[in-house]
Every structure is written in C-alpha cells, then in structure tokens.
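Hi,

Here is the structure I promised to send over. Have a look, and then read on for what turned up.

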Amino acid sequence: MTYAEMFSEIKGRFRDAGVSNIKEHLAFQFNITGEGEGIFYVEVKDGKLAIEPYEYYDRDAIFICSADVLFKIADGKLDPVLAFTLRKLKVEGSIEKALRFKEIVDSKRK
C-alpha cells in the first residue's frame with residue numbers, strides 16, 4: 001500500500017464523522033509507520049473536520065502507529081485508548097487533547 005492509497009482510505013473512513021458538537025479547536029498529526037508510511041493531519045475547527053496530507057506544526061498531539069492499527073481504530077475494531085495501552089499507538093503532546101480523538105472516532109457510529 002502506498003502513502004496515497006493509505007491517506008485516501010483514511011480520509012474516506014472519517015469523511016462522515018459528526019463533529020459539529022465539538023466546539024473546541026483540535027489538531028492532530030498522524031505519523032504512519034511501515035506500509036503506507038507518511039504524515040497527515042486531522043483538524044476540527046468550528047465544528048468541521050479537515051483531513052489533509054501535510055505536517056501540522058501547531059498541533060495538540062501526534063499519534064504514531066501503523067496504517068493497520070489506524071484502520072482498526074477508524075472501523076471501531078480497536079479502541080484508541082486500548083491501542084495506547086497495548087503500545088500499538090504512541091502519543092506525543094497533550095494527552096488530554098489526544099483523548100478527544102476518541103470522540104471523532106465514536107461520532108462515526110452515531
């Protein structure tokens with residue numbers, strides 16, 4: 001899997017996330033390791049979700065994981081907190097803000 005394929009797949013999986021109730025600005029960078037390696041960011045601003053294939057310098061947190069782990073999180077097959085506990089997902093930056101990522105994941109199932 002190339003980076004472009006991985007990014008397209010992730011963007012598609014989060015396209016329908018309902019973040020209109022998140023009023024706080026959140027910015028997360030994802031550093032994908034292994035197959036599909038690359039960097040992208042997820043930003044919630046004014047209740048809208050943006051996912052772009054760039055590095056985000058003013059981020060709240062960085063998530064580091066494989067594409068497979070992120071796909072499982074996106075599909076609701078792996079809880080992001082459990083992934084962190086199992087060391088499948090590393091987090092740098094604000095843990096408090098990083099925990100808000102679960103709201104984005106959970107909003108896809110509502």
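In strand β4, Ile62 is the bridge partner of Gln29, and Ile64 is the bridge partner of Asn31. (Strands are DSSP runs of E, at least two residues, and helices are runs of H or I, at least four residues, each numbered from the N terminus; two strands pair if DSSP finds at least two bridges between them.)

A quick word on the model: it is predicted, so to speak, with local features needing pLDDT of at least 70 and side-chain atom pairs counting only at pLDDT 80 or more, while totals for chains, interfaces and linings use all residues. Residues are numbered from 1 along each chain as its sequence is written, and side-chain values use heavy atoms, with hydrogens and water left out.

Zooming out, the sheet is open, with 5 strands in the order β3-β2-β1-β4-β5 and mixed pairing. β3 (48-52) and β5 are at the edges with a single partner strand each, so one side of each has no neighbour in the sheet.

As for β4 (residues 61-66), 5 of its 6 residues are buried, so the rest of the structure largely encloses it. Buried here means under 20% relative accessible area (1.4 Å probe, protein chains only).

Cheers

Key. Buried < 20%, exposed > 50% of the residue type's maximum accessible area, 1.4 Å probe, protein only.
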